[in-house]
Amino acid sequence: MARVGIVLSGGGIRGIAHLGVLKAFINAGIQFSHISGTSAGAIAGAFYAAGIDPEEGLNIFIKTKLLRFIRPAVGALGLINIENTSNLLKEYFPEDKIENLKIPLTIAATNFSEGKLVYFTKGPLIRAIQASSCIPGIFRPIMIEDQMYVDGGILNNFPVEPLLEHCDFIIGSSCNHLKPVQKISNFSSLVGRAGLMSINKDMEQKVKYCNVLIEPKGMGEISTFDMKKAETIYWLAYEETLKTIKNNLLLSDLVNKT
């Protein structure tokens, strides 16, 4: 049987799209042998690798308002501590070990102290998730063995590389597609769009390593912390994945083999 891997991009609340993508593949009978993710993709990947159904993962986001634990308050002084999510995440990852997950998971993070990319494949799961999701300038860096760690998306928002030696077939899931626009209405939109253009350019170089890419259109327009769009994001990604499975010969062949 083919070893199928999936890479999950970062993207804040847009990362809920990965749960919709994963659910569609489950329903199509496709199982993954390896998962790699950054930031929001690391959270979605950890849920799936722990055996939590993606739709239940969506419900967890909505029910617990996961992002309220890390959302920066307007006018707050200093940086928010992303470690506030620890108790919540322990509910769903009681063993808190990457190597104890049901599916091998690679989490990309940035060692801010040394300025280099790090892949976590073993050790404390929650700490690695927090490090990978720690947006600099908003959250206080996570300390691991006296080193500062921040969002993996700074250096690799689409960590396909760890899958290359382990997988025969690689699926990419990106939640940052940008539609063309004629005007920008405010400064935050300008900065946000510029940032996404940068990470999308990096992703374009890596898509060649994927057999298939799932990328719901216009997802990049949704704000990083817009929790109200959670269900919309999930179902848009789910439908996009079903459509891709139906229309892509490589995926159709993969489904028929499983």
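Glu240 lies in helix α7, which spans residues 230-247; helices (H or I, at least four residues) and strands (E, at least two) are DSSP runs numbered from the N terminus. The model is predicted, so local features need pLDDT of at least 70 and side-chain atom pairs count only at pLDDT 80 or more, while totals for chains, interfaces and linings use all residues. Residues are numbered from 1 along each chain as its sequence is written, and side-chain values use heavy atoms, with hydrogens and water left out.

**Surroundings of Glu240**
- Glu240 has a relative accessible area of 15% and is therefore buried (under 20%; exposed is over 50%, partly exposed in between; 1.4 Å probe, protein chains only).
- Leaving aside residues up to four places away in sequence, Glu240 touches Ile214, Glu215, Pro216 and Lys217 (contact means heavy atoms within 4.5 Å).

**Packing of α7 and α8**
- Helix α7 packs against helix α8 (residues 249-257) at an angle of about 85 degrees, and their axes are 5 Å apart.
- Axes are lines fitted to C-alpha atoms, for helices over the stretch in contact, with angles running from 0 to 180 degrees between N-to-C directions.
- Helix α7 is therefore roughly perpendicular to α8 (65 to 115 degrees).
- Thr244, Ile245, Lys246 and Asn247 of α7 make the contact with Leu249, Leu251, Ser252 and Val255 of α8.

**Strands β3 and β4**
- Strands β3 (residues 105-111) and β4 (residues 116-120) run antiparallel and are joined by five bridges; two strands pair if DSSP finds at least two bridges between them.
- Ala109 has Val118 in β4 as its bridge partner.
- The two strands form a hairpin with four residues between them, and Gly115 in the turn has a positive phi of about 65 degrees.

Terms used:
Angles under 35 degrees count as roughly parallel, over 145 as roughly antiparallel, 65 to 115 as roughly perpendicular and the rest as oblique.
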